[in-house]
Amino acid sequence: MPRQFAYYPGCVAEFSSKELNATTKALAPLLDIELLPMPAATCCGAGDVAEAKPNLYLTLNVRILSEAESMGVDILTICNVCTLNLRRANKMVKEDPRVLEAVNEELIKAGARPYQGTIEVTHLLWFLATEEGLSLLEAHGPKGLNGLKVAPYYGCQLLRPSSVMGFEDPDRPQSLERLITALGGEVADYEGKTRCCGFPIILAREEVALKESHVALAGARDAGAQVMVTPCPLCHLAMDAYQRKTEQLMGEEYAMPVLHLPQLIGLALGLPTKTMEFKRHLVPVDEVLATVGA
Amino acid sequence: MCRLLLRVQLPGCRPRVRGPAAFAWGYRFAADERDSQRKNRAKLYSGEHGVWDCTRCMFCNERCPKGVDPRDAIEKLGSIAFQEKVTSDKGARHAKAFLISLRSGGKLNEILIAPYTDPIGAPFNAPLALRMAQKGKLPKSPLTHKVKDRDQVKKLIKNVKETI
(Lines give C-alpha, C1' and ligand atoms only; values in the text may rest on other atoms or scores of the structure.)
Protein backbone atom coordinates (compact mmCIF):
# COMPACT_ATOMS: atom_id res chain seq x y z
CA MET A 1 0.00 0.00 0.00
CA PRO A 2 1.66 3.26 -1.07
CA ARG A 3 1.96 6.10 1.44
CA GLN A 4 -0.65 8.74 0.58
CA PHE A 5 -0.11 12.48 0.70
CA ALA A 6 -2.22 15.51 -0.14
CA TYR A 7 -0.02 16.93 -2.89
CA TYR A 8 0.59 20.67 -2.82
CA PRO A 9 3.01 21.45 -5.66
CA GLY A 10 2.56 25.25 -5.43
CA CYS A 11 1.90 27.71 -8.24
CA VAL A 12 5.41 27.87 -9.77
CA ALA A 13 5.68 24.08 -10.16
CA GLU A 14 2.22 24.00 -11.72
CA PHE A 15 2.88 26.72 -14.27
CA SER A 16 6.33 28.13 -15.13
CA SER A 17 8.28 25.15 -13.74
CA LYS A 18 6.01 22.38 -14.97
CA GLU A 19 9.03 20.11 -15.37
CA LEU A 20 9.24 19.87 -11.57
CA ASN A 21 5.60 18.84 -11.23
CA ALA A 22 5.83 16.34 -14.10
CA THR A 23 8.98 14.73 -12.69
CA THR A 24 7.57 14.51 -9.15
CA LYS A 25 4.42 12.81 -10.43
CA ALA A 26 6.46 10.36 -12.50
CA LEU A 27 8.75 9.65 -9.55
CA ALA A 28 6.01 9.04 -6.98
CA PRO A 29 5.17 5.42 -7.95
CA LEU A 30 8.88 4.55 -7.86
CA LEU A 31 9.06 5.89 -4.30
CA ASP A 32 5.88 4.04 -3.30
CA ILE A 33 3.94 7.23 -2.62
CA GLU A 34 0.57 8.33 -3.95
CA LEU A 35 -0.02 12.03 -4.57
CA LEU A 36 -3.65 13.03 -4.04
CA PRO A 37 -4.72 16.27 -5.76
CA MET A 38 -6.01 19.27 -3.78
CA PRO A 39 -8.47 20.94 -6.17
CA ALA A 40 -9.56 23.72 -3.79
CA ALA A 41 -6.06 24.73 -2.67
CA THR A 42 -5.08 28.32 -3.43
CA CYS A 43 -1.67 29.94 -3.71
CA CYS A 44 0.05 30.09 -0.27
CA GLY A 45 0.78 33.78 -0.82
CA ALA A 46 4.55 33.27 -1.06
CA GLY A 47 5.36 35.67 1.77
CA ASP A 48 3.88 38.56 -0.22
CA VAL A 49 0.35 38.14 1.12
CA ALA A 50 1.78 37.65 4.62
CA GLU A 51 3.57 40.96 4.18
CA ALA A 52 0.49 42.82 2.88
CA LYS A 53 -2.32 41.15 4.80
CA PRO A 54 -1.07 38.81 7.57
CA ASN A 55 -4.51 37.75 8.81
CA LEU A 56 -5.64 36.90 5.29
CA TYR A 57 -2.40 34.93 4.74
CA LEU A 58 -3.08 32.90 7.88
CA THR A 59 -6.72 32.17 6.99
CA LEU A 60 -5.95 31.15 3.39
CA ASN A 61 -3.19 28.79 4.49
CA VAL A 62 -5.34 27.22 7.20
CA ARG A 63 -8.01 26.67 4.53
CA ILE A 64 -5.40 24.67 2.58
CA LEU A 65 -4.50 22.65 5.70
CA SER A 66 -8.19 22.00 6.28
CA GLU A 67 -8.64 20.58 2.77
CA ALA A 68 -5.87 18.05 3.48
CA GLU A 69 -7.47 17.28 6.84
CA SER A 70 -10.73 16.48 5.10
CA MET A 71 -8.77 14.00 2.95
CA GLY A 72 -7.26 12.42 6.08
CA VAL A 73 -3.63 12.71 4.96
CA ASP A 74 -0.62 14.95 5.56
CA ILE A 75 0.60 17.47 2.96
CA LEU A 76 3.64 16.88 0.76
CA THR A 77 5.25 19.93 -0.86
CA ILE A 78 8.02 20.44 -3.41
CA CYS A 79 8.64 24.14 -2.77
CA ASN A 80 10.54 25.82 0.08
CA VAL A 81 8.25 28.83 0.17
CA CYS A 82 5.01 26.83 0.26
CA THR A 83 6.51 24.63 2.98
CA LEU A 84 7.36 27.60 5.18
CA ASN A 85 4.02 29.34 4.68
CA LEU A 86 1.95 26.25 5.40
CA ARG A 87 4.06 25.14 8.37
CA ARG A 88 4.10 28.62 9.86
CA ALA A 89 0.30 28.90 9.65
CA ASN A 90 -0.02 25.40 11.11
CA LYS A 91 2.25 26.31 14.02
CA MET A 92 0.36 29.56 14.70
CA VAL A 93 -3.02 27.86 15.02
CA LYS A 94 -1.75 24.74 16.80
CA GLU A 95 0.05 26.77 19.45
CA ASP A 96 -2.80 29.14 20.26
CA PRO A 97 -6.39 27.84 20.43
CA ARG A 98 -7.70 31.44 20.36
CA VAL A 99 -6.03 32.01 16.98
CA LEU A 100 -7.45 28.73 15.65
CA GLU A 101 -10.91 29.74 16.88
CA ALA A 102 -10.72 33.16 15.21
CA VAL A 103 -9.50 31.65 11.92
CA ASN A 104 -12.18 28.95 11.99
CA GLU A 105 -14.83 31.59 12.56
CA GLU A 106 -13.77 33.28 9.31
CA LEU A 107 -13.61 29.95 7.46
CA ILE A 108 -17.11 28.98 8.56
CA LYS A 109 -18.49 32.41 7.59
CA ALA A 110 -17.01 31.93 4.11
CA GLY A 111 -18.51 28.44 3.82
CA ALA A 112 -15.17 26.63 4.20
CA ARG A 113 -14.43 23.67 6.45
CA PRO A 114 -12.98 24.58 9.88
CA TYR A 115 -9.56 23.14 10.78
CA GLN A 116 -8.95 20.88 13.76
CA GLY A 117 -5.17 21.03 13.74
CA THR A 118 -4.33 17.41 12.89
CA ILE A 119 -2.23 17.85 9.75
CA GLU A 120 1.55 17.92 9.26
CA VAL A 121 3.35 19.47 6.30
CA THR A 122 6.53 17.91 4.92
CA HIS A 123 8.76 18.54 1.94
CA LEU A 124 9.77 15.76 -0.46
CA LEU A 125 13.41 16.27 0.57
CA TRP A 126 12.59 15.69 4.22
CA PHE A 127 10.56 12.59 3.42
CA LEU A 128 13.41 11.11 1.39
CA ALA A 129 16.29 12.12 3.67
CA THR A 130 14.98 9.98 6.52
CA GLU A 131 15.82 6.30 7.09
CA GLU A 132 12.43 5.43 5.55
CA GLY A 133 13.05 7.51 2.46
CA LEU A 134 16.62 6.37 1.92
CA SER A 135 15.54 2.73 2.25
CA LEU A 136 12.89 3.38 -0.43
CA LEU A 137 15.64 4.61 -2.76
CA GLU A 138 17.89 1.65 -1.93
CA ALA A 139 15.01 -0.78 -2.45
CA HIS A 140 14.62 0.53 -5.96
CA GLY A 141 18.28 -0.19 -6.66
CA PRO A 142 19.35 3.19 -8.02
CA LYS A 143 21.10 3.19 -11.35
CA GLY A 144 23.27 5.87 -9.83
CA LEU A 145 24.73 9.23 -10.71
CA ASN A 146 28.09 7.83 -11.84
CA GLY A 147 30.12 10.12 -9.59
CA LEU A 148 28.44 13.31 -10.83
CA LYS A 149 29.75 16.22 -8.78
CA VAL A 150 26.68 17.92 -7.37
CA ALA A 151 26.48 21.22 -5.46
CA PRO A 152 23.59 21.10 -2.99
CA TYR A 153 21.69 24.39 -2.81
CA TYR A 154 19.15 24.60 0.00
CA GLY A 155 17.99 28.20 -0.23
CA CYS A 156 16.51 29.85 2.84
CA GLN A 157 13.00 28.86 3.60
CA LEU A 158 13.43 25.11 4.01
CA LEU A 159 15.97 25.80 6.77
CA ARG A 160 14.95 29.01 8.47
CA PRO A 161 13.43 29.87 10.82
CA SER A 162 14.33 26.56 12.47
CA SER A 163 11.59 27.14 15.06
CA VAL A 164 9.10 26.56 12.23
CA MET A 165 11.04 24.23 9.92
CA GLY A 166 13.13 22.25 12.40
CA PHE A 167 14.10 19.28 10.23
CA GLU A 168 17.84 19.85 10.47
CA ASP A 169 20.55 22.24 11.65
CA PRO A 170 20.00 25.38 9.51
CA ASP A 171 23.74 26.17 9.50
CA ARG A 172 25.00 22.66 8.81
CA PRO A 173 22.25 20.90 6.84
CA GLN A 174 23.02 17.42 5.53
CA SER A 175 19.79 16.14 3.92
CA LEU A 176 20.76 16.98 0.33
CA GLU A 177 24.28 15.66 0.90
CA ARG A 178 22.86 12.36 2.22
CA LEU A 179 20.67 12.00 -0.86
CA ILE A 180 23.43 12.90 -3.33
CA THR A 181 25.77 10.36 -1.74
CA ALA A 182 23.07 7.65 -1.56
CA LEU A 183 22.35 8.19 -5.26
CA GLY A 184 25.99 7.69 -6.24
CA GLY A 185 26.97 11.32 -6.68
CA GLU A 186 29.83 13.30 -5.22
CA VAL A 187 29.09 16.34 -3.05
CA ALA A 188 30.66 19.67 -4.02
CA ASP A 189 30.59 21.54 -0.72
CA TYR A 190 30.63 25.35 -0.62
CA GLU A 191 29.71 28.12 1.75
CA GLY A 192 26.85 29.64 -0.23
CA LYS A 193 24.59 26.59 -0.12
CA THR A 194 22.42 28.01 2.68
CA ARG A 195 22.43 31.60 1.39
CA CYS A 196 19.50 33.39 -0.22
CA CYS A 197 18.82 33.18 -3.98
CA GLY A 198 17.14 36.60 -3.92
CA PHE A 199 14.12 35.44 -5.91
CA PRO A 200 11.38 36.94 -3.69
CA ILE A 201 12.52 40.43 -4.68
CA ILE A 202 13.87 39.69 -8.16
CA LEU A 203 11.08 41.66 -9.88
CA ALA A 204 11.19 44.58 -7.44
CA ARG A 205 14.95 44.80 -6.71
CA GLU A 206 16.63 42.85 -9.48
CA GLU A 207 20.21 43.95 -8.86
CA VAL A 208 20.14 43.03 -5.16
CA ALA A 209 18.58 39.67 -6.00
CA LEU A 210 21.11 38.81 -8.71
CA LYS A 211 24.02 39.67 -6.41
CA GLU A 212 22.55 37.24 -3.88
CA SER A 213 22.31 34.40 -6.40
CA HIS A 214 25.86 35.18 -7.59
CA VAL A 215 27.22 34.13 -4.18
CA ALA A 216 25.79 30.62 -4.54
CA LEU A 217 26.51 30.21 -8.26
CA ALA A 218 30.13 31.33 -7.92
CA GLY A 219 30.58 29.16 -4.83
CA ALA A 220 29.27 26.06 -6.60
CA ARG A 221 31.43 26.76 -9.66
CA ASP A 222 34.56 27.29 -7.56
CA ALA A 223 33.89 24.04 -5.69
CA GLY A 224 34.11 22.23 -9.04
CA ALA A 225 30.45 21.29 -9.28
CA GLN A 226 29.13 19.92 -12.57
CA VAL A 227 25.57 20.69 -11.55
CA MET A 228 23.58 22.36 -8.79
CA VAL A 229 20.49 20.78 -7.24
CA THR A 230 17.74 22.60 -5.36
CA PRO A 231 14.55 21.56 -3.55
CA CYS A 232 12.82 24.85 -4.47
CA PRO A 233 11.38 25.95 -7.86
CA LEU A 234 11.83 29.64 -6.97
CA CYS A 235 15.54 29.11 -6.30
CA HIS A 236 15.60 27.19 -9.59
CA LEU A 237 14.20 30.16 -11.50
CA ALA A 238 16.77 32.48 -9.89
CA MET A 239 19.68 30.14 -10.61
CA ASP A 240 18.61 28.80 -14.01
CA ALA A 241 16.38 31.34 -15.77
CA TYR A 242 18.21 34.42 -14.44
CA GLN A 243 21.71 32.91 -14.65
CA ARG A 244 22.65 34.74 -17.85
CA LYS A 245 21.52 38.06 -16.35
CA THR A 246 23.62 37.39 -13.25
CA GLU A 247 26.60 36.60 -15.49
CA GLN A 248 26.09 39.87 -17.36
CA LEU A 249 25.76 41.89 -14.14
CA MET A 250 28.76 40.32 -12.40
CA GLY A 251 30.93 39.94 -15.52
CA GLU A 252 31.53 36.28 -14.72
CA GLU A 253 30.66 32.94 -16.26
CA TYR A 254 29.10 30.13 -14.24
CA ALA A 255 27.77 27.75 -16.94
CA MET A 256 26.04 25.92 -14.10
CA PRO A 257 23.18 23.59 -14.97
CA VAL A 258 20.58 23.50 -12.21
CA LEU A 259 18.36 20.50 -11.47
CA HIS A 260 15.19 20.25 -9.43
CA LEU A 261 15.62 17.67 -6.66
CA PRO A 262 13.19 15.14 -8.22
CA GLN A 263 15.11 15.38 -11.52
CA LEU A 264 18.36 14.37 -9.78
CA ILE A 265 16.60 11.42 -8.16
CA GLY A 266 14.91 10.58 -11.46
CA LEU A 267 18.28 10.49 -13.24
CA ALA A 268 19.67 8.13 -10.59
CA LEU A 269 16.61 5.90 -10.72
CA GLY A 270 16.60 5.76 -14.51
CA LEU A 271 13.45 7.79 -15.19
CA PRO A 272 13.22 8.60 -18.94
CA THR A 273 14.85 11.98 -19.63
CA LYS A 274 11.88 13.03 -21.78
CA THR A 275 9.59 12.68 -18.75
CA MET A 276 11.76 15.08 -16.76
CA GLU A 277 11.44 17.80 -19.44
CA PHE A 278 15.02 19.10 -19.30
CA LYS A 279 14.29 20.99 -22.53
CA ARG A 280 12.46 23.56 -20.38
CA HIS A 281 15.70 24.60 -18.62
CA LEU A 282 17.45 27.75 -19.81
CA VAL A 283 20.93 26.45 -18.93
CA PRO A 284 21.52 23.23 -20.93
CA VAL A 285 21.97 20.00 -18.96
CA ASP A 286 23.53 17.93 -21.78
CA GLU A 287 26.87 17.39 -20.02
CA VAL A 288 25.07 16.24 -16.88
CA LEU A 289 23.08 13.67 -18.85
CA ALA A 290 26.26 12.51 -20.57
CA THR A 291 28.06 11.96 -17.24
CA VAL A 292 25.16 10.00 -15.80
CA GLY A 293 24.74 8.09 -19.04
CA ALA A 294 21.07 9.01 -19.43
CA MET B 1 19.37 47.53 21.54
CA CYS B 2 20.89 45.36 18.83
CA ARG B 3 23.68 47.20 17.06
CA LEU B 4 24.78 44.22 14.96
CA LEU B 5 21.76 44.36 12.69
CA LEU B 6 21.05 48.08 12.76
CA ARG B 7 22.89 48.46 9.46
CA VAL B 8 23.99 45.61 7.21
CA GLN B 9 26.32 44.99 4.26
CA LEU B 10 24.60 43.34 1.32
CA PRO B 11 26.49 41.22 -1.22
CA GLY B 12 28.26 43.22 -3.92
CA CYS B 13 29.50 46.74 -3.57
CA ARG B 14 26.55 48.53 -2.02
CA PRO B 15 27.02 50.77 0.99
CA ARG B 16 25.79 49.49 4.32
CA VAL B 17 22.03 49.86 4.51
CA ARG B 18 19.28 49.86 7.11
CA GLY B 19 19.20 46.43 8.75
CA PRO B 20 16.54 44.25 10.39
CA ALA B 21 16.96 45.75 13.88
CA ALA B 22 16.06 49.19 12.52
CA PHE B 23 12.78 47.82 11.19
CA ALA B 24 12.01 46.11 14.49
CA TRP B 25 12.38 49.50 16.19
CA GLY B 26 10.41 51.23 13.47
CA TYR B 27 7.56 48.79 13.91
CA ARG B 28 7.57 49.36 17.66
CA PHE B 29 6.62 53.00 17.02
CA ALA B 30 4.41 52.51 13.95
CA ALA B 31 2.24 50.03 15.84
CA ASP B 32 1.88 52.23 18.91
CA GLU B 33 -1.70 53.53 19.09
CA ARG B 34 -0.49 56.71 20.83
CA ASP B 35 1.72 57.54 17.87
CA SER B 36 0.25 59.96 15.34
CA GLN B 37 2.88 59.35 12.68
CA ARG B 38 1.66 55.97 11.38
CA LYS B 39 1.33 56.98 7.73
CA ASN B 40 4.62 58.92 7.76
CA ARG B 41 6.40 55.93 9.25
CA ALA B 42 4.83 53.68 6.62
CA LYS B 43 6.29 56.01 3.96
CA LEU B 44 9.66 56.17 5.73
CA TYR B 45 10.02 52.38 5.70
CA SER B 46 8.56 51.76 2.24
CA GLY B 47 11.16 53.36 -0.02
CA GLU B 48 14.60 52.27 -1.11
CA HIS B 49 16.28 49.99 1.46
CA GLY B 50 12.86 49.67 3.06
CA VAL B 51 10.63 46.71 3.91
CA TRP B 52 10.27 45.73 0.24
CA ASP B 53 14.04 45.12 -0.03
CA CYS B 54 13.81 42.22 2.41
CA THR B 55 14.59 38.92 0.64
CA ARG B 56 12.95 36.91 3.45
CA CYS B 57 16.15 34.95 4.04
CA MET B 58 15.05 34.59 7.69
CA PHE B 59 18.61 34.92 8.99
CA CYS B 60 17.58 37.72 11.38
CA ASN B 61 14.87 35.63 13.03
CA GLU B 62 17.22 32.67 13.18
CA ARG B 63 20.11 34.58 14.71
CA CYS B 64 18.40 36.92 17.19
CA PRO B 65 19.16 35.59 20.69
CA LYS B 66 16.44 37.74 22.21
CA GLY B 67 13.50 36.42 20.21
CA VAL B 68 12.83 39.84 18.66
CA ASP B 69 12.06 38.22 15.28
CA PRO B 70 12.87 41.28 13.12
CA ARG B 71 11.49 39.64 9.97
CA ASP B 72 8.06 39.49 11.64
CA ALA B 73 8.33 43.22 12.32
CA ILE B 74 9.23 43.86 8.66
CA GLU B 75 6.16 41.88 7.64
CA LYS B 76 3.95 43.89 9.99
CA LEU B 77 5.39 47.17 8.66
CA GLY B 78 4.37 45.96 5.20
CA SER B 79 0.87 45.39 6.47
CA ILE B 80 0.78 48.87 8.01
CA ALA B 81 1.90 50.28 4.65
CA PHE B 82 -1.03 48.50 2.98
CA GLN B 83 -3.51 49.73 5.56
CA GLU B 84 -2.23 53.28 5.09
CA LYS B 85 -2.37 52.80 1.30
CA VAL B 86 1.36 53.42 0.88
CA THR B 87 1.66 50.90 -1.93
CA SER B 88 3.44 52.56 -4.85
CA ASP B 89 6.77 50.75 -4.33
CA LYS B 90 7.47 47.87 -6.71
CA GLY B 91 7.61 45.47 -3.77
CA ALA B 92 4.14 46.52 -2.63
CA ARG B 93 2.85 46.22 -6.20
CA HIS B 94 4.30 42.68 -6.30
CA ALA B 95 2.23 41.82 -3.22
CA LYS B 96 -0.83 43.44 -4.81
CA ALA B 97 -0.41 41.21 -7.87
CA PHE B 98 -0.67 38.20 -5.56
CA LEU B 99 -3.88 39.57 -4.05
CA ILE B 100 -5.36 40.20 -7.51
CA SER B 101 -4.43 36.64 -8.55
CA LEU B 102 -6.05 35.19 -5.44
CA ARG B 103 -9.22 37.21 -5.95
CA SER B 104 -9.59 36.33 -9.62
CA GLY B 105 -8.90 32.61 -9.48
CA GLY B 106 -6.95 31.48 -6.43
CA LYS B 107 -3.60 30.68 -8.03
CA LEU B 108 -0.74 32.98 -8.97
CA ASN B 109 -1.16 34.63 -12.37
CA GLU B 110 2.39 34.55 -13.73
CA ILE B 111 1.48 36.59 -16.80
CA LEU B 112 0.31 39.46 -14.60
CA ILE B 113 2.99 39.54 -11.95
CA ALA B 114 6.02 41.00 -13.80
CA PRO B 115 4.28 43.86 -15.69
CA TYR B 116 2.12 44.72 -12.67
CA THR B 117 5.12 44.83 -10.32
CA ASP B 118 7.24 46.99 -12.60
CA PRO B 119 5.27 48.42 -15.54
CA ILE B 120 8.16 50.70 -16.56
CA GLY B 121 10.97 48.18 -16.19
CA ALA B 122 9.13 45.11 -17.54
CA PRO B 123 9.79 45.93 -21.23
CA PHE B 124 13.55 45.91 -20.50
CA ASN B 125 13.14 42.31 -19.37
CA ALA B 126 11.66 41.33 -22.72
CA PRO B 127 14.74 39.32 -23.85
CA LEU B 128 14.52 37.11 -20.74
CA ALA B 129 10.74 36.83 -21.08
CA LEU B 130 11.21 35.74 -24.71
CA ARG B 131 13.81 33.11 -23.78
CA MET B 132 11.51 31.83 -21.04
CA ALA B 133 8.55 31.76 -23.43
CA GLN B 134 10.61 29.77 -25.96
CA LYS B 135 11.24 27.18 -23.23
CA GLY B 136 7.56 27.06 -22.32
CA LYS B 137 8.12 28.81 -19.01
CA LEU B 138 5.47 31.47 -19.49
CA PRO B 139 1.79 30.48 -19.36
CA LYS B 140 0.09 30.55 -22.76
CA SER B 141 -3.11 32.06 -21.37
CA PRO B 142 -3.33 35.34 -19.45
CA LEU B 143 -6.38 34.00 -17.60
CA THR B 144 -5.92 33.08 -13.96
CA HIS B 145 -6.17 29.43 -13.02
CA LYS B 146 -9.31 28.84 -11.01
CA VAL B 147 -9.47 26.64 -7.93
CA LYS B 148 -12.54 24.78 -6.71
CA ASP B 149 -14.81 26.69 -4.27
CA ARG B 150 -13.19 30.01 -5.13
CA ASP B 151 -16.27 31.85 -3.80
CA GLN B 152 -14.87 30.95 -0.36
CA VAL B 153 -11.61 32.66 -1.24
CA LYS B 154 -13.41 35.78 -2.46
CA LYS B 155 -15.41 35.92 0.79
CA LEU B 156 -12.25 35.56 2.88
CA ILE B 157 -10.52 38.35 0.97
CA LYS B 158 -13.58 40.55 1.56
CA ASN B 159 -14.22 39.63 5.20
CA VAL B 160 -10.87 39.07 6.91
CA LYS B 161 -9.75 42.27 8.62
CA GLU B 162 -6.18 43.21 9.43
CA THR B 163 -5.68 44.12 13.07
CA ILE B 164 -2.18 45.56 13.47
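What percentage of the contacts in chain A between residues at least 6 apart in sequence join residues at least 24 apart? The figure is 79%, where a contact means that the C-beta atoms of two residues, placed from the backbone, lie within 7 Å.

**Before you start**

You are looking at a predicted model, in which local features need pLDDT of at least 70, side-chain atom pairs count only at pLDDT 80 or more, and totals for chains, interfaces and linings use all residues. Residues are numbered from 1 along each chain as its sequence is written, while chains are lettered from A and ligands numbered from 1 in the order in which they are written.

**Stop 1: the whole of chain A**

Now colour by burial. Of the 294 residues in chain A, 59% are buried. Here buried means 20 or more other C-beta atoms within 10 Å of the residue's own, exposed means 12 or fewer, and partly exposed is in between, with C-beta atoms placed from the backbone.

**Stop 2**

Where they meet, 29 residues of domain 1 of chain A are in contact with 29 residues of domain 2 of chain A. On the domain 1 side, look for α1 (11–14), α2 (18–27), α5 (80–95) and β4 (121–123) of chain A, each of which supplies at least two residues. The largest share of that side, eight residues, comes from α2(A). By class, the domain 1 side has 13 nonpolar, ten polar and six charged residues. Nonpolar covers Ala, Val, Leu, Ile, Met, Phe, Trp, Tyr, Cys and Pro; charged covers Asp, Glu, Lys and Arg; the others, Gly among them, are polar.

**Stop 3: strands around β1(A)**

Select residues 3–8 of chain A, which form β1. This strand runs parallel to β2 (residues 33–36) of chain A, joined to it by four bridges; two strands pair if DSSP finds at least two bridges between them. Click A:F5 and you will find its bridge partner, A:L35, in β2(A). β1(A) is also joined by three bridges to β3 (residues 75–77) of chain A, again in parallel, and A:Y7 stands opposite A:L76 in β3(A).

**Stop 4: strands around β5(A)**

Move on to β5 (residues 149–152) of chain A, which pairs in the parallel sense with β6 (residues 186–187) of chain A over two bridges. A:K149 stands opposite A:E186 in β6(A). To get from β5(A) to β6(A), the chain passes through helix α9 (residues 175–182) of chain A, and this β-α-β crossover is right-handed: with the strands pointing away from the viewer, the path from the first strand over the helix to the second runs clockwise. β5(A) also pairs in the parallel sense with β7 (residues 227–230) of chain A, over three bridges. In β7(A), A:V227 is the bridge partner of A:V150.

**Stop 5: helix α11(A)**

Is α11 (residues 233–241) of chain A mostly covered or uncovered? It is mostly covered, with nine of its nine residues buried. Among them are A:C235, A:H236 and A:D240.

**Stop 6: where chain B touches chain A**

Bring chain B into view. The contact takes 54 residues from chain B and 49 residues from chain A. On the chain B side, α5(B) gives the largest share, eight residues. That side divides into 23 nonpolar, 14 polar and 17 charged residues.

**Stop 7: B:L112**

Finish in helix α6 of chain B, the place of B:L112. This leucine is partly exposed, with 17 other C-beta atoms within 10 Å. Leaving aside neighbours within four places in sequence, B:L112 is in contact with B:A97, B:I100 and B:S101.
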